[in-house]
Amino acid sequence: RGLKIFTQYVLLSLVMVYLLILYAYMFKIIVTAHWPVGWVAYLVMAFAVAGILSLLLIYPLRNEEGNTWIRGFSKFYYVALLPLIALLFCAIYKRVAPYGITEERYFLIALALWLLFVTLYFLLSRRKDIRLVPPSLCLLAFLSVWGPWGAFSVSMHSQRHRLTGLLEKYGLIANGKVMTGRTDVKV
């Protein structure tokens, strides 16, 4: 009963207020065409985590009498999340394009793709089984830290490629070796 009261009256209220704030912020970004430096993605991810957590907590209550609103809220939540996911991908692009992929950005990209997958699953699937959430997130965690597609390998390749490109641009690399001692080049 305590969980139901907390989720229904506290957590969902906070999620709705946060949603309104994020939408207002998104419209401000669109109208002013001014992107804040680096924290839009965290706002969207925090909202997504809070919303999915609240939906997972109220899921067992959906079939109780008087709780039919839960199904409607679930659908509304995922529909409202779609524009914010687009904002999330734009924010990620604004950081990755000029600076490349770091481990932190890799994990953010992976979580954004997972969030898109979960959102589309709950919007388009007839089954809508919440048991998909933990194993898919677990699989993402394992895949993102291991192998050549993992965060560390991808980040190392991206940053090495960016550094090599900068060295080539200023003529400071020849035959794969950095030329030291050049004082005539201003970087």
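Predicted model: local features only at pLDDT ≥ 70, side-chain atom pairs only at ≥ 80, totals over all residues.
User: Which residues in H1 and H2 meet?

Analyst: From H1, the list includes Leu 3, Leu 11, Val 15, Tyr 18, Leu 22 and Tyr 25. From H2, the residues include Val 40, Leu 43, Phe 47, Ala 50 and Ile 58. Sorted by class, this contact of H1 with H2 has 17 nonpolar, three polar and no charged residues.

User: Let me zoom in on one of them. What is Leu 43 in contact with, leaving aside its neighbours within four places in sequence?

Analyst: Leu 43, which sits in helix H2, is in contact with Tyr 18, Leu 22 and Tyr 25.

User: How far apart are Leu 43 and Tyr 18 in sequence and in space?

Analyst: They are 25 residues apart in sequence, and 9.2 Å apart in space, going from C-alpha to C-alpha.

User: Changing topic: how do helix H2 and helix H3 pack?

Analyst: Helix H2 (residues 40–58) and helix H3 (residues 69–99) pack at an angle of about 160°, with 10 Å between their axes. H2 and H3 are therefore roughly antiparallel to each other. The crossing of H2 past H3 is left-handed.

User: What classes of residue make up the contact of H2 with H3?

Analyst: That contact divides into 19 nonpolar residues, two polar and no charged. Among the H2 residues are Met 45, Ala 48, Ile 52 and Leu 55, and they are part of a group that meets H3 residues including Trp 69, Phe 73, Tyr 77, Leu 84 and Ala 91.

User: Now helix H4. What should its 22 residues span?

Analyst: Helix H4 (residues 103–124) should span 32 Å at 1.5 Å a residue. Its end C-alpha atoms are 31 Å apart, which agrees.

User: Which residues of H4 are buried?

Analyst: Among them are Arg 105, Tyr 106, Trp 114, Thr 119, Tyr 121 and Phe 122.

User: And what covers the buried residues of H4?

Analyst: The cover includes H2, H3, helix H5 (133–145) and helix H6 (151–169).

Key:
Residues numbered from 1 in each chain as written. Heavy atoms only, no water. Axes fitted to C-alpha atoms, helices over the stretch in contact; angles between N-to-C directions. Helix = DSSP H or I, 4+ residues; strand = E, 2+ residues; numbered from the N terminus. Parallel < 35°, antiparallel > 145°, perpendicular 65-115°, else oblique. Left-handed = near helix turned anticlockwise from the far one by under 90°. Contact = heavy atoms within 4.5 Å. Nonpolar A, V, L, I, M, F, W, Y, C, P; charged D, E, K, R; others polar. Expected span 1.5 Å × (residues − 1). Buried < 20%, exposed > 50% of the residue type's maximum accessible area, 1.4 Å probe, protein only.
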